[in-house]
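This report describes a metal site, a strand arrangement and a nonpolar core, in that order. Please keep the sequence and the structure at hand while reading.

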Amino acid sequence: MIRYSCSHCDTEIGSISLDAAEAVLCQIKSLDEGEKDSFLSVNDEGTHIRCICEHCEQSLKAFPDYYTLKKWLQ
Ligand SMILES: [Zn+2]
């Protein structure tokens, strides 16, 4: 099982079975090491893919500066 969560607000977006995730994982594995790390984390709970939820995606489009600021403050 692979879980997806939002990298901005930590909301769990959903989970998919390994079979369904295989195509996604192939894409991620073809990325550079650094890029891969920012998407994918593997820990005791399993594989975790960080992406962006619908809510944050919309906010990001509307207020890109806000998220840049938030990132700096973290
Ligand atoms: Zn979010």
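## Zinc site

Donors are taken here as N, O and S atoms within 2.8 Å of the metal, with water not among the atoms. In this predicted model, the protein donors of the zinc ion are the SG atoms of Cys6, Cys9, Cys53 and Cys56, which lie 2.2 to 2.3 Å from the ion. The angles among the four donor atoms run from 107 to 115°, and the site of the zinc ion is tetrahedral.

Along the chain, the donors of the zinc ion are spaced as C-x2-C-x43-C-x2-C. Cysteine 9 sits in the loop between β1 (2-6) and β2 (12-16), while cysteine 53 sits in the loop between β4 (46-51) and α3 (54-62), so this pair ties together parts that are 44 residues apart in sequence. Cysteine 9 has a relative accessibility of 34% and therefore counts as partly exposed, whereas cysteine 53, at 8%, counts as buried, because the cut-off for buried is under 20%.

## Sheet

Four strands form an open sheet in the order β2-β1-β4-β3, and their pairing is mixed. The edges are taken by β2 and β3 (40-43), each of which has a single partner strand, so that one side of each is left without a neighbour in the sheet. From one strand to the next, the twist averages 25°.

In general, the strands of a sheet pair through backbone hydrogen bonds, in either a parallel or an antiparallel manner. Here β3 and β4 run antiparallel and are joined by four bridges; leucine 40 has isoleucine 49, in β4, as its bridge partner.

## Helix packing and nonpolar core

The helix α1 lies across β1, β2, β3 and β4, and runs at about 60° to β1. The largest nonpolar core consists of seven residues, namely Ile2, Tyr4, Ala21, Leu25, Ile28, Leu40 and Ile49. Two or more residues of this core are given by each of β1 and α1 (18-29), and α1 supplies the largest share, three residues. Leucine 40 and isoleucine 49, both members of this core, are also the bridge partners mentioned above.

Isoleucine 2, another core member, touches Gly14, Ser15, Ile16, Leu18, Ala21, Leu25, Thr47 and Ile49, when residues up to four places away in sequence are not counted. Among these contacts, Ala21, Leu25 and Ile49 also belong to the core. As a general background, nonpolar side chains tend to be buried together in soluble globular proteins.

Definitions and conventions
Residues are numbered from 1 along each chain as its sequence is written. This is a predicted model: local features need pLDDT of at least 70, side-chain atom pairs count only at pLDDT 80 or more; totals for chains, interfaces and linings use all residues. Side-chain values use heavy atoms; hydrogens and water are left out. Donors are N, O and S atoms within 2.8 Å of the metal (3.2 Å for Na, K and Ca); water is not among the atoms, so sites may look incomplete. Four donors count as tetrahedral if all angles lie between 85 and 135 degrees; four count as square planar and six as octahedral if opposite donors are over 155 degrees apart and all others between 65 and 115; anything else is irregular. Buried means under 20% relative accessible area, exposed over 50%, partly exposed in between (1.4 Å probe, protein chains only). A nonpolar core is a set of buried Ala, Val, Leu, Ile, Met, Phe, Trp, Tyr and Cys residues joined through side-chain atoms within 4.5 Å. Contact means heavy atoms within 4.5 Å. Two strands pair if DSSP finds at least two bridges between them. Axes are lines fitted to C-alpha atoms, for helices over the stretch in contact, and angles run from 0 to 180 degrees between N-to-C directions.
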